[in-house]
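Here are some notes to read alongside the model. Keep the 3D view open and find each residue as you go.

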Amino acid sequence: MNFAPILPEVILGLGAVALMMVAAFVRRSSTITHVAAIVLLVGACFALIGAPQTAGSVFDGMWAADGFAAFGKVIIYLSAAVAIVMAHGWFDQNHEHGAEYAVLILLSALGASVMVSATDLMMLYVGLELQSLSAYVLASYRRHDARSAEAGLKYFVLGGLASGILLYGISLLYGFAGTTYFDGIAAAFAGPNGASLGLLFGLVFTLAGIAFKIAAVPFHMWTPDVYEGAPTPVTAFFAAGQKAAAILLATRVCLDAMGPVTDQWRQIVIFAALASIILGAVAAYGQTNIKRLLAYSSINNVGFALVGLAAGGREGATAVLVYSAVYVVMTLGAFLCIMRMRDAEGRPLESLSSLSGLSQTRPLLALALAMFMFSLAGIPPLFGFWPKLMVFQAAVDAGLQLLALAAAALTVIGAYYYLRVIKIMYFDAPAEPFAPARGKTETVLIAACALIISPLGYLLINPLTTAAADAASVF
């Protein structure tokens, strides 16, 4: 059996098991496991280099070792590594910074990695559940925090419901197509008699289950509570790596398994895109908690990514890949800034009012957070403008001019709450200053993310677009 196409997954899986043993038998092993987990994730990124990762369909067609999967895995692994680095400066070093945190992040990244490579419905479900089960525990990681326990319980209950919906859709597709392979399902949809009613019902339920994972409206209800209650490093990973994995999973399912019935699933995606953009913008208006605000921001940004998916084809897939990559950088940067929000006793702060006058007390932190807010809003000349332009262009080229026009107009509505954060930092009276920053690694990461989304980021357009186009060429 050739393990080369799954070498990154082998590294993460065996590494997670080994670190679990270290955590069980070695006292005070948290630092060892966290450093080792970061090394494993970086090693998994390097394992993506080479011919085995562009081998196409392997393992009897259940697994795709292609450029699309490799592109997504780089995003997932780097997001997971940043989430582990963030934990070192956020958790209580004596009580909460346990070795099991890194193991859970590795297992969740492993599940997300399987998701983006799956070309079979059962493989898809295995990866999704591995990622989800780890995420449920991560959300409730702070055992003595009522909000964290509530977040984990809500995520688990609603996630179980979504899994049931997805399994029902999978059973319908298997029953009417006679196979769980994506290419077999595509052949059934393209049959001489067209797609049967049963296949279309399977399509709807499958997309509904996936929509929960990407927090698209109307399956977004878990997102604000889970993002607020989960520890901030965990929330960052949910909003970045896991969100990107789910979006790329939806892209592969729609373009690969359901390609022959694009007109049918496009209606669902367009509705979810516009509804997510609208609700993500409007519902964020009254938020006073920065993490809840970014939860609605993630819903809003999912809507724009779905605009690219609705365009379909290689151009649409390219736009989705570029959008996902830039979105992850913006989101991680924003959450790294939130980690700096601590009172004089070192307790985390999350209210928007605590950002008042930040430009006077911490001018560089305020500048970085303002850049991330402007970029999430898609305001030029920051680099966040470019992926939005790409998804709009893809929609126009696909003949969806009204969708592109509506999404562009709704961008203005969403910009309000991003600008509100900036107004609080630069024009309100200063609040109590934050505690001095702990650790320089987070500062370096904030600077790196800010540099990427600055106007200098436009230098990355050619290499990023080329890499995304090569990855999307599998469709």
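Predicted model: local features only at pLDDT ≥ 70, side-chain atom pairs only at ≥ 80, totals over all residues.

1. Start with the inside. The largest nonpolar core has 177 residues, and Met258, Trp265 and Leu355 are the ones with the most contacts inside it. Helix 13, residues 313-338, gives this core its largest share, 18 residues.

2. Next, click on Trp265. Leaving aside its neighbours within four places in sequence, Trp265 touches Leu203, Leu207, Cys254, Leu255, Met258, Gly259, Leu309, Ala310 and Gly312. One of these, Cys254, is buried, with a relative accessible area of 1%.

3. The axes of helix 11 (residues 262-282) and helix 12 (residues 290-311) come within 7 Å and cross at roughly 155 degrees. Angles over 145 degrees count as roughly antiparallel, so that is the label for helix 11 and helix 12. Their crossing is left-handed. On the helix 11 side the contact includes Trp265, Arg266, Val269 and Ile270, and on the helix 12 side Tyr296, Ile299, Leu309 and Ala310 are among the partners.

4. Now compare helix 13 with helix 19 (residues 461-472). Their axes come within 8 Å and cross at roughly 130 degrees, and the two helices are therefore oblique to each other. This crossing is right-handed. Residues of helix 13 that take part include Arg314, Ala317 and Leu321, while helix 19 brings Leu464, Thr465 and Ala468, among others.

5. How many disulfides does a search of the whole structure find? It finds zero. A disulfide is a covalent bond between the sulfur atoms of two cysteines. Take Cys337 as an example: the closest cysteine sulfur, in Cys449, is 8.6 Å from the sulfur of Cys337, too far for a bond. Cys337 is also buried, at 2% relative accessible area.

6. Two prolines deserve a look. Val217 and Pro218 are joined by a cis peptide bond, with omega about 10 degrees, and Pro218 sits in the loop between helix 8 (197-213) and helix 9 (223-229). The bond from Pro380 to Pro381 is cis too, with omega near 10 degrees; look for Pro381 in the loop between helix 15 (363-377) and helix 16 (385-397).

7. Finally, go back to the loop between helix 8 and helix 9, where you'll find Ala215. Its phi is near 60 degrees, a positive value in a residue other than glycine. Is Ala215 buried or exposed? Ala215 is buried, with a relative accessible area of 0%.

Definitions and conventions. Residues numbered from 1 in each chain as written. Heavy atoms only, no water. Disulfide = S-S within 2.5 Å. Buried < 20%, exposed > 50% of the residue type's maximum accessible area, 1.4 Å probe, protein only. Core = buried A, V, L, I, M, F, W, Y, C linked by side-chain atoms within 4.5 Å. Helix = DSSP H or I, 4+ residues; strand = E, 2+ residues; numbered from the N terminus. Contact = heavy atoms within 4.5 Å. Axes fitted to C-alpha atoms, helices over the stretch in contact; angles between N-to-C directions. Parallel < 35°, antiparallel > 145°, perpendicular 65-115°, else oblique. Left-handed = near helix turned anticlockwise from the far one by under 90°.
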